[in-house]
Amino acid sequence: MSDRGELFAGDDPFAITRAWLAEAEASEPNDPNAIALSTVDANGLPNVRMVLLKDIEPDGFVFYTNYGSVKAQEIDAAGGAAFVMHWKSLRRQVRVRGLVERAAGPEADAYYESRSLKSRLGAWASHQSQPLESRATLMAEVARVTARHGTHPERPPFWGGYRIRPLEIEFWADGAFRLHDRFRWTREKLTDPWSVQRLYP
Ligand SMILES: Cc1cc2nc3c(=O)[nH]c(=O)nc-3n(C[C@H](O)[C@H](O)[C@H](O)COP(=O)(O)O)c2cc1C
């Protein structure tokens, strides 16, 4: 018998993440889907930045970015990444570590299409993570891509999604007197079933 309790109920860690995110959407002041995405560089030095989690699929977490960015280069080289989501309003966190693949093609096209025109043009204009001389240079680039791509820009070939396919998902919920609840779902391979372990806080 599991002593996990209602917050951690069920066998599907994606369903728990979705349920917690839905709660956070009601209580967070903004960006409840913001995640701190961690990568590692060629020397093993960790790196971290916020991105927005755009989809929780049956077996993956998807975010969008520029494929030339530092994060993309680090992900492509290492093949893996980690992220943490923390909601101050709920006093809960979700931690994820896994293997990463590109989510390009129709799925990325559909998400790109759903964005505002300015955001779509912005994706064309930003050489993300490259040095930028001035704000004026960026605005000139926006004007240039607007003239070139008009009101129906295609998704840039250098912009799309990444799907994190987790090997570990850990849920943490605040408890009285720092006796928090922690449960970790793990699997050695993506095709293995999950096993769940309660951890000391
Ligand atoms: C709340 C928040 C959400 C963000 N969402 C994204 C995002 O979804 N995709 C993205 O590429 N950058 C996003 N950024 C910007 C990144 O944090 C980062 O500055 C940028 O992607 C460059 O990172 P890199 O040089 O490590 O590749 C976001 C920043 C903040 C503060």
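**Figure 1. The hairpin between β2 and β3.** A hairpin of two linking residues joins strand β2 to strand β3 in this predicted model. Strands are DSSP runs of E with at least two residues, helices are runs of H or I with at least four residues, and both are numbered from the N terminus. Strand β3 spans residues 60-66 and pairs with β2 in the antiparallel sense over four bridges; two strands count as paired if DSSP finds at least two bridges between them. Within this pairing, I56 stands opposite F61 in β3. Residues are numbered from 1 along each chain as its sequence is written. Because the model is predicted, local features need pLDDT of at least 70 and side-chain atom pairs count only at pLDDT 80 or more, while totals for chains, interfaces and linings use all residues.

**Figure 2. The hairpin between β1 and β2.** Seven bridges link strand β1 (residues 34-40) to strand β2 (residues 46-57) in the antiparallel sense. S38 has V48 in β2 as its bridge partner. Five residues lie between the two strands of this hairpin, and G44 in the turn has a positive phi of about 85 degrees.

**Figure 3. The shell around the ligand.** Of the 15 residues around the ligand, T65, S69, V70, K71 and S129 come nearest. Strands β2 and β3 and helix α2 (70-78) each give two or more residues to the shell. By class, the shell has seven nonpolar, five polar and three charged residues; Ala, Val, Leu, Ile, Met, Phe, Trp, Tyr, Cys and Pro count as nonpolar, Asp, Glu, Lys and Arg as charged, and the others, Gly among them, as polar.

**Figure 4. The largest nonpolar core and F83.** The largest nonpolar core has 25 residues, and A81, F83, V94, V96, Y162 and I164 have the most contacts inside it. Such a core is a set of buried Ala, Val, Leu, Ile, Met, Phe, Trp, Tyr and Cys residues joined through C-beta atoms within 7 Å; buried requires 20 or more other C-beta atoms within 10 Å of the residue's own, all placed from the backbone. Leaving aside neighbours within four places in sequence, F83 is in contact (C-beta atoms, placed from the backbone, within 7 Å) with I35, A36, L37, S38, V96 and I164.

**Figure 5. The loop holding T151.** T151 lies in the loop between α5 (135-149) and β6 (159-173). The residue is exposed (12 or fewer C-beta atoms within 10 Å), because 8 other C-beta atoms lie within 10 Å.

Terms used:
Near = placed C-beta within 6 Å. Contact = placed C-beta atoms within 7 Å.
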